[in-house]
Amino acid sequence: ILAGLTPLDSGILTGIPPKKAFVFQDAALLPWLTARENVALPGFFGSALSPDEALASVGLSKQAHQLPHSLSGGQKMRVSLARALATRPDLVLLDEAFAALDGLTRRSVQRLFCRLAEENHWTVVMVTHDPEDAKLLADRVIVVDGPPLKITLDRKLAQSRPLELPDIDLNVLLAPRPKALGLFPHTTRVATHPPMEALPLPNHSLPLPPEPKFDWEPSLVIA
């Protein structure tokens, strides 16, 4: 309804800016067009920001002539944001825009989106199933349930915008885990309560793979 794609059943909707942009869960890039050509699409329908300027704003100038299949998930989403930026919107509609991204990429794209929204004075409506997205990005949270659809919560958040997202120390995340986790070569350990003793693997002539590194406590590890 906000996008103007579905008519109202009743009532009147007012105050919706005419210039809108969309960012979906999938980057929705045309696979036969380069990143630059995808960002240039809004220019076929009206006044638009230069695709080169839009790509530079999301840090993808060097990837301008690459096709979508050669871009990472995070880069594809940044191209999608650049395309939204190119429309010069007043209202940006997000539909689970960060859901398909892994944790590190998700935080990076969220930080980028906050910067773009602040610099360009966007009004943003975001649909999400992730409370963390709402906590990090929203000024106001509306929770709906149904059917029939009804509002169960409508609350303004007492925090300034844009929310400062903490930087992630990759050196800490990628540091080797302590040996206390029990991840030793030539052993099998099953995490049970109480834990079982480490069992030696049979001797064989094949080289063993390198010791795995986990960012969580595994329930079963064969190293």
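The model is predicted: local features need pLDDT of at least 70, side-chain atom pairs count only at pLDDT 80 or more, and totals for chains, interfaces and linings use all residues. Residues are numbered from 1 along each chain as its sequence is written, and side-chain values use heavy atoms, with hydrogens and water left out.

Start with confidence. pLDDT is the predictor's confidence in each residue, on a scale from 0 to 100. The chain averages 75, and 71% of the residues score at least 70. Helices (H or I, at least four residues) and strands (E, at least two) are DSSP runs, numbered from the N terminus. Confidence is highest in helix H1 (residues 35–40), at 95. It is lowest in strand E6 (residues 187–190), at a mean of 36. Over residues 167–208, pLDDT stays under 50. The model has 47 contacts beyond four places in sequence for that stretch, a contact being heavy atoms within 4.5 Å. Residues 216–223 also stay under 50, with 18 such contacts.

Now the helix pair. Helix H3 (residues 73–86) and helix H4 (residues 103–120) pack at an angle of about 10°, with their axes 10 Å apart. Axes are lines fitted to C-alpha atoms, for helices over the stretch in contact, and angles run from 0 to 180 degrees between N-to-C directions. H3 is therefore roughly parallel to H4; the term covers angles under 35 degrees. H3 contributes Gly74, Met77, Arg78, Leu81 and Leu85 to the contact. H4 contributes Thr105, Val109, Leu112, Phe113, Leu116 and Asn120.

The structure holds three aromatic pairs. Rings of Phe, Tyr and Trp (its six-membered ring) pair if their centres lie within 6.5 Å; planes under 30 degrees apart count as stacked, over 60 as edge-to-face and the rest as tilted. Phe22 and Phe24 are stacked, 6.0 Å centre to centre, with 0° between the planes. Phe22 is partly exposed at 29% relative accessibility, and Phe24 is partly exposed at 38%. Partly exposed lies between buried (under 20% relative accessible area) and exposed (over 50%), with a 1.4 Å probe and protein chains only.

Phe98 and Phe113 pair edge-to-face, at 6.1 Å centre to centre and 70° between the planes. Phe98 lies in the loop between strand E2 (91–95) and H4, and Phe113 in helix H4, so the pair ties together parts 15 residues apart in sequence. Both Phe98 and Phe113 are buried. Ring pairs link Phe98, Phe113 and Trp122 into a cluster.

Methods:
Angles under 35 degrees count as roughly parallel, over 145 as roughly antiparallel, 65 to 115 as roughly perpendicular and the rest as oblique.
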